[in-house]
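Here is a short briefing on one structure. Please keep the sequence and the model open while reading.

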Amino acid sequence: MLPIILDVSSLKVAVIGNGLQAVKRLDMLRDADVSKIDIFAPVPGEEMREAAGDEMKLHLPTAEDISKYAIIFIANLEDDEAQRLAEQAREQGVLVNVEDVKPLCDFHVPAIVRRGDMLLTASTGGKSPGLARRLKTALEEKFPADWEGRLDELSSLRDTWRAEGADFRQLIDRTNEVIDAKGWLT
């Protein structure tokens with residue numbers, strides 16, 4: 001596994017499927033400010049209709065459709081449909097995640113805690129989603145919503161220090177001094 005954070009602002013992403021898992025992926029993408037999301041749900045349930053609204057396409061994507069995406073999330077499809085779509089995506093170099101079908105996944109989505117631009121994650125590589133959820137809860141308790149403001153404060157200070165000519169080591173040291181002085185990690 002290789003943990004990376006993708007800037008998804010310019011990537012085109014698709015959610016294919018239905019049910020709570022597909023809605024969760026759609027919500028996750030919207031929380032990440034993905035602006036180019038296509039939603040395919042051939043037989044959408046009420047949750048998907050509410051979440052997707054008019055953006056939903058009432059069919060599965062074609063191979064040509066798939067080639068337009070950087071990332072595809074698949075959830076709650078029949079096994080053969082999910083496998084076919086995953087294979088088409090891989091053939092075209094599109095990253096694919098099939099909910100809870102590890103062999104069909106090019107990547108796994110960690111449990112996410114978002115505090116503004118601060119992103120905390122926990123992953124078990126798909127081995128124990130329940131443990132990942134528990135770790136997420138612990139992170140939410142340890143890093144409450146006010147961390148968004150703390151990050152903004154540190155960012156502003158960093159900009160000032162850089163303008164004053166601080167080098168990388170000094171930026172780290174000054175950041176640690178502020179965190180320690182304010183007791184944020186004690």
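The model is predicted.

- Leu2 sits in the segment before strand E1 (12-17).

**Salt bridges**

- The whole structure holds eight salt bridges. Among them are the pairs Lys12-Asp38, Glu99-Arg25 and Asp146-Arg150.
- Side chains of opposite charge can pair when their charged atoms come close.

**Lys12 and Asp38**

- In the salt bridge between Lys12 and Asp38, the closest N and O atoms are 3.7 Å apart.
- This pair links distant parts of the chain. Lys12 belongs to strand E1 and Asp38 to strand E2 (residues 36-40), 26 residues apart.
- Lys12 is partly exposed, with 29% relative accessible area.
- Asp38 counts as buried because its relative accessibility is 15%, under the 20% cut-off.

**Glu99 and Arg25**

- Glu99 and Arg25 form a salt bridge, with 3.2 Å between the closest N and O atoms.
- Glu99 lies in the loop between strand E5 (95-98) and strand E6 (111-115), while Arg25 lies in helix H1 (residues 19-31), so the bridge ties together parts 74 residues apart in sequence.
- Glu99 is partly exposed, at 24% relative accessible area.
- Arg25 is buried, at 15% relative accessible area.

**Asp146 and Arg150**

- The side chains of Asp146 and Arg150 meet in a salt bridge, at 3.3 Å from N to O.
- Asp146 is partly exposed, with a relative accessible area of 41%.
- Arg150 is buried, because its relative accessible area is 18%, under the 20% cut-off.

**Strands E4 and E5**

- Strand E4 (residues 71-75) and strand E5 run parallel, joined by four bridges.
- Within this pairing, Ile71 stands opposite Leu95 in E5.
- From E4 the chain crosses through helix H4 (residues 79-91) to reach E5. This β-α-β crossover is right-handed.

Technical notes: Residues are numbered from 1 along each chain as its sequence is written. This is a predicted model: local features need pLDDT of at least 70, side-chain atom pairs count only at pLDDT 80 or more; totals for chains, interfaces and linings use all residues. Side-chain values use heavy atoms; hydrogens and water are left out. Helices (H or I, at least four residues) and strands (E, at least two) are DSSP runs, numbered from the N terminus. A salt bridge is a side-chain nitrogen of Lys or Arg within 4 Å of a carboxyl oxygen of Asp or Glu. Buried means under 20% relative accessible area, exposed over 50%, partly exposed in between (1.4 Å probe, protein chains only). Two strands pair if DSSP finds at least two bridges between them. A crossover is right-handed if, with the strands pointing away from the viewer, the path from the first strand over the helix to the second runs clockwise.
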